[in-house]
Structure formats: C-alpha cells, structure tokens
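Welcome! Please take a moment to look over the sequence and turn the 3D structure around before reading on.

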Amino acid sequence: MGEAKRQMRARTLVVHAGERRPAPTGVPAATPVYATTTFTYDTAREMDEVFADERRGYVYTRYGNPTVAALEEAIRLLEDGAGACAFSSGMAALHASLLACGLAPGATVLASRDLYGATSALLRSLFGQLGVETVFADFSETDALARTVRRLRPRVLVAETISNPLLKVSDLEACAQLAHEVGARLLVDNTFATPYLCQPLAQGADVVVHSATKYLGGHGDVTGGVAVTKTEADCQALSGVSRLAGGILGVWEAHEILRGLKTLAVRVERQCANAQALAERLKGHARLSRVFYPTLAQDARTQAVVRRTLREPFGGALVTLELREATREAAFRFMDGLRLCVRSTSLGDVFTGVLHPATASHREVAPEARRELGITDGVLRISVGLEDVSDIIADVEQALAA
Ligand code: PLP
C-alpha cells in the first residue's frame, strides 16, 4: 500500500488493509477456501472479457468459485464425465438436473418405483405442478420396462444404482439402452454406490447425481450435492440452471467434501467389508425373516446384474433387515436396544447408523404403497460404518436378542 496507506484514514484502512494481495508464488498443496463472493480485476475491460467468456476467470461465486470448482473437477474425474456442477444438497442437484434435461409441460418421466421418497415426491409434486407427468415402474423387470418405455416414450428415465432401502441393484446398461432407443435421457442417482463402486456414465447413463451429504462427505457434518454429465452441452445446460435457480454449494461445504473425498476409497472398502460380514452373520438369524444385501442375492440374473454394475467384490455398505415380528413396536424396540449403532436418518457416515424406513425415509409413502414396495414396519436399514466389525455385529445381535 506504501504512500497510499499513509494517506488513508483508519476507517478506510479497516476495510481494505491486507486484502487483494498478489497470488502467492508457491501453489498451495491443498485447495484454499476462496471465501469471497466476487473477484476483482485490474481493469474494467478484463472483467468485461471474463463476463463475456472471452477470458478464463471468476467474477461472482454464484457463477463459479475456485474451491467449488476443485470439488466439481474431482467428482467429474471420479465419474469420468464431461462436466460437473455442485449444489447445496442432493435434492438441489436432482431438481436442477431434471430441469436441465428439458422437462417442460406435457413431458413424461419414467421413474423407478424404488426411488428415495423425496425424489419421488419432487417428481410428483413440484414437477407435477409444472405439468410433467411421472410414471413409476419396477426397473428390475426389464421386459415390462421395455414395453412401458416404448409405450410412454418418456423424456427422462430416473433410476438409483442401489435402491433404498431394499438395496436392489439396477441394470444400468439395460436402462440406458431402453432410454436411448426412444431418445430419452437416463439420470442415475449414484449416492448409495459412490463413484468408487460404480460409474453410471460408463454404463450408458447421461447424468449422474450424488447426495454428497452421504459417502462423498462421509462424516455426517456437511450437506451438498453434485451432478455429472456425459456431454459438455448437458453441463452447460446444468450450470445455466444453477446460475438462475442459485442452489449452489457454499465454499466451506465444498472444502469439507473435498476433504472427505480423500478417504472415500479406504472408507468405502472397509465399510463394504464390514457390511458383507454383518449381512453374512445375520443371514438365517431366528429373529429375522429377510436380510437384504446385493451380493447375497440368490438368483443368477440378479447376481449377473450386481457383478456387471458394481466393482467386484463389493456389494455396498448398507444392509437391510426385516424382523420376523414385522411391527413398528418391534422395530423401535430393536432401535432403542442399540448401544453402539446410532439411530440416524442419514447414511454413508463413518459411524454405523440405523434407520426405520417406514417412519423416516418412506414416512410420506402411504402404508399400502409401502407394503407393495416390500417396506414393512419390520424393515430396518443399517448404514455400516468404520468401527470394528465385531463390535457392530455384537451390538446388532444383542439388540435383536432384546
Ligand atoms: N438421493 C438419495 C439416494 C438419498 O438417500 C438422499 C437423501 O437421503 C438424497 C438423494 C437427497 O440428498 P440430500 O439430503 O443431500 O438433499
């Protein structure tokens, strides 16, 4: 500041002192948090060129921010897509991705009937109000699905790699083929699988969405979402929606998710191993009528889909149980009996969390519809964490015994 500083008064100094220093000569080893809403340039002309996309740069954080861009680039690489856009939550990412797919009045969406409850509600309510009709179908019945796709000619198919809470693995290649046959897009929510276990774009999907609140962040302390597109043009459409709708990810959240991402592979490998061991131990337990875990599937077709879709030998880090006494009271008794596992609605955290879908994730689904989906009051979903697996097993077994 030199001479200028001497002339400035304290009121001015407190506003400007220490700011806008030249970029450091060393490149920071970890991405700094660019906690700034705007970016300044030496001349108005340079700024105008950035606004006009004639020069690379940042002008306003809602349009782009280096910390958020670092996270977007990391997820883009993990999903092997053309572009990525980060959002303030998984739901914001889903909402923007559906809009970017060009949903307009009169369009039809064909969605898996096993989708996360809020995604189904988003399609039914917000997109329903806009005149978009959503038809829900069983995506595991590929022949029936093919007939529905050809009859409805939807604009978008929406699937989840691993469904919630019954952990059905979608045949993404088959879904993509069907979608493309009628010129539709396939949007895949890959939250449960993570890009470490599955890359839906490589299996034919057009857009992949994550709730980064789950495994990508991984520590239960940050909410965010990301969408990755197969084409550059789709990413342009997505960032267009993001700029206008404004559901962007904050810089601090981007920093935390970037940090969580560093350990994604080690966390997911350990969590999958723990989940596999828990599922195998509980299979055939006298107090349980069913144990759901992708690699425990008996029939050859399902096994083939699991092998084709998920990175071998992993089956994901969620295990779902159904109590033989399939009542809410029995489910609550089980949950209250847990001493180590946490009663929590989220998943993908470092700790083991247990959820009762009928009163949490699928609370808004009518009881009859829940029963049709196979989600009885005795169903419990366990998001397996990083603890010693013997301690997890011991806790679940003692709660079942109680
Ligand atoms: N997709 C799936 C599969 C989820 O389980 C969730 C939340 O539980 C979401 C999307 C929404 O994510 P968020 O809570 O980050 O908006």
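Predicted model: local features only at pLDDT ≥ 70, side-chain atom pairs only at ≥ 80, totals over all residues.

Residues are numbered from 1 along each chain as its sequence is written, and side-chain values use heavy atoms, with hydrogens and water left out.

**The sheet**

- Helices (H or I, at least four residues) and strands (E, at least two) are DSSP runs, numbered from the N terminus.
- An open sheet of 7 strands runs in the order β1-β7-β6-β5-β4-β2-β3, with mixed pairing; two strands pair if DSSP finds at least two bridges between them.
- β1 (83-87) and β3 (133-137) stand at the edges with a single partner strand each, so one side of each has no neighbour in the sheet.
- From one strand to the next, the twist averages 20°; axes are lines fitted to C-alpha atoms, for helices over the stretch in contact, and angles run from 0 to 180 degrees between N-to-C directions.
- As background, strands of a sheet pair through backbone hydrogen bonds, either parallel or antiparallel.
- Strands β2 (residues 108-112) and β4 (residues 156-160) run parallel and are joined by 3 bridges, with L110 standing opposite L157 in β4.
- β4 and β5 also run parallel, joined by 5 bridges, and V158 has L187 in β5 as its bridge partner.
- β5 is mostly covered, since 4 of its 5 residues are buried (buried means under 20% relative accessible area, exposed over 50%, partly exposed in between, with a 1.4 Å probe and protein chains only).

**The nonpolar core**

- A nonpolar core is a set of buried Ala, Val, Leu, Ile, Met, Phe, Trp, Tyr and Cys residues joined through side-chain atoms within 4.5 Å.
- Which members of the largest nonpolar core touch the most other members? Of its 56 residues, they are L71, F139, L145, L157, L186, L197 and L310.
- Leaving aside neighbours within four places in sequence, F139 is in contact with L110, A111, S112, L145, L157, V158, A159 and C175.
- In soluble globular proteins, nonpolar side chains tend to be buried together.

**Salt bridges**

- A search of the whole structure finds 13 salt bridges; a salt bridge is a side-chain nitrogen of Lys or Arg within 4 Å of a carboxyl oxygen of Asp or Glu.
- R76 forms a salt bridge with E73, with the closest N and O atoms 2.8 Å apart. Both residues lie in helix α4 (residues 66-79), 3 residues apart, about one turn of the helix.
- E397 forms a salt bridge with R281, and their closest N and O atoms are 2.8 Å apart. This pair links distant parts of the chain, with E397 in helix α16 (residues 389-401) and R281 in helix α12 (residues 264-282), 116 residues apart.
- E397 is partly exposed at 22% relative accessible area, and R281 is partly exposed at 48%.
- R333 pairs with E325 in a salt bridge whose closest N and O atoms are 3.1 Å apart.
- R45, E46, E49 and R55 are linked in a network of salt bridges.

**Two loop residues**

- T61 sits in the loop between α3 (44-51) and α4. Is T61 buried or exposed? At 15% relative accessibility, T61 counts as buried.
- The side chain of T61 makes a polar contact with the side chain of N65 (3.0 Å); a polar contact is a pair of N or O atoms within 3.5 Å, where within protein one must be able to donate a hydrogen and the other to accept it, and residues adjacent in sequence count only if both atoms are side-chain atoms.
- A polar atom of the T61 side chain also lies 2.6 Å from the backbone oxygen of T36.
- P313 is in the loop between α13 (300-309) and β9 (318-323), and at 60% relative accessibility P313 counts as exposed.

Note on methods. Contact = heavy atoms within 4.5 Å.
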